[in-house]
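Reader: I have the sequence and the model open side by side. Could you walk me through a few features?

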Amino acid sequence: MMSEVAAGAWQAVRCRVLVPTLQLAVYICVAMSLMLFVERLYMALVVAGLSLLRRRRRHDDDDLEANHRPMVLVQIPMFNEKQVYRLSIGAACGMTWPSDKLMIQVLDDSTDSTIREMVEVECSRWAGKGVSIRYENRRNRSGYKAGAMREGLRKPYARDCEFVAIFDADFQPDADFLLRTVPLLLADPAVALVQARWRFVNADECLLTRIQEMSLDYHFRVEQEVGSACHSFFGFNGTAGVWRLRALEDAGGWKERTTVEDMDLAVRATLRGWRFVYAGHVAVRNELPSTLRAYRYQQHRWSCGPANLFRKMFREVLASGRVSPWKKLHLLYGFFFVRKVVAHLVTFCFYCVVIPACVLAGGDVRLPKYVALYVPAAITLLNAACTPRSWHLLIFWILFENVMSMQRSKATVIGLLEASRANEWVVTEKLGAKTTTTARKKTSGVHVHVAEILLGACLLYCAVYDIAYGRDSFYIYLLLQSAAAFIVGFGYVGTTSSPP
């Protein structure tokens, strides 16, 4: 008798609460998936149109006459960068520009005294070759990267500069970098920023770096290209770019209120009426994080920071009088809401929560097949079009991105709510392009990630349930996704650790 009452109560709760709630979640995910698909399709059409119309201009070194070469400051912020500091300093010092018009500024926030000494010696070595280079070290890390660059711009010798080029410690610009970017700033006084593309020196190191290459190629070849061509706005990537100092100061300078100080500055400059140019024809070599630990920290910062900035600047963007309604729509809806919030949340909620839950609910919840299969397939193909050499890795890329969406969704919610880890800053570990594979794989143990293991276990249970009772063959996807979650959870992705 009691068992019948309990069964009846469960059926009542299931039919009146759980099933309607899950059906609502399906509809919300359908709406978010379509929003993401429309955004991707729009950008694909714009890029195709730009390609057909050949709207990319060619920029030659001869565009810049010798007597019009302005004073340029090059900032290289770093923090305990033992493996890569020589690469970035050497590349910056090797750029073609009049020696009396170029100042290299190494902003070393290293806490390791040995590394500080090594960096200072390297700067002295280049100074001995006649390069104008200054070594700057702070006694505290107030404001992190933004604080270091703000302090660097306050130096007396920096005040005479008209432009500032910024390179992270693992970035290696070619000798003609300034010759190919500064003319774009000189040609139009309304342009505040010229952003170059990234070229990855270790993309072939492991599956983790190949997957990152696919995602970042889409970001640069599509998102940045469309933002530049249609809106004269895109998110500054924090490195491999040249700023007009007057625009930087007009926007309020560097602020450390979020972990994406570069994006913060870009949005504020846009609200002041400045325009940006993406120089996709200029590529700067850099290194992708090859350890899962470094990649997770990086993705937390890249997901949490934009969401937190969206929260802080929403009203400011709406109230801006210098920005057109079209650009406001692009900023708030396309750039922030769809790409920085919806993209993360729908990937995790739909593919790792709602679909498995629908499997457990049997046939009581309607799950449109076109959203579960065709829409994500179309989005994936649009993303992968920029990296044809990795098309054979599409399945691995999809499964890995779905697993990582759990961390990204968590970081996005933290940023939106401005919770405890909203301002967490962990410098992405760089191992150096010349570090041997053997040295990279030395480790003191494999990191275990409990959340991913639990996700894998839940997905495996749903797969088994679908095999036993299901009718839609979702178990194929669930088994593959479960395996991917276990692989990430037990740390078998990327190289295992940095060299000692």
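Reader: Happy to start with R421. Leaving aside its neighbours within four places in sequence, which residues is R421 in contact with?

Author: Keep in mind that this is a predicted model. R421 sits in the loop between helix 12 (394–417) and helix 13 (437–440). Setting aside neighbours within four places in sequence, its contacts are H300, C304, K410 and I414.

Reader: How far apart are the C-alpha atoms of R421 and A411?

Author: Along the chain, R421 and A411 are 10 residues apart.

Reader: Is R421 buried, exposed or partly exposed?

Author: Its relative accessible area is 27%. Buried would need a value under 20% and exposed a value over 50%. R421 falls in between, so the label is partly exposed.

Reader: Thanks! Now to the sheet: which strands are at its edges?

Author: The sheet is open, with seven strands in the order 3-2-1-4-6-5-7 and mixed pairing. An edge strand here pairs on one side only, and that applies to strand 3 (133–137) and strand 7 (275–286).

Reader: In strand 6, which residue is the bridge partner of L193?

Author: Strand 5 (residues 191–200) and strand 6 (residues 241–244) pair in the antiparallel sense over three bridges. The strand 6 partner of L193 is W243.

Reader: And what angle does the direction of helix 6 make with that of strand 5?

Author: Helix 6 (residues 207–231) packs on the sheet, where it touches strand 5 and strand 7. Its direction and that of strand 5 make an angle of about 155 degrees.

Terms used
Residues numbered from 1 in each chain as written. Predicted model: local features only at pLDDT ≥ 70, side-chain atom pairs only at ≥ 80, totals over all residues. Heavy atoms only, no water. Pairing = 2+ DSSP bridges. Helix = DSSP H or I, 4+ residues; strand = E, 2+ residues; numbered from the N terminus. Contact = heavy atoms within 4.5 Å. Axes fitted to C-alpha atoms, helices over the stretch in contact; angles between N-to-C directions. Buried < 20%, exposed > 50% of the residue type's maximum accessible area, 1.4 Å probe, protein only.
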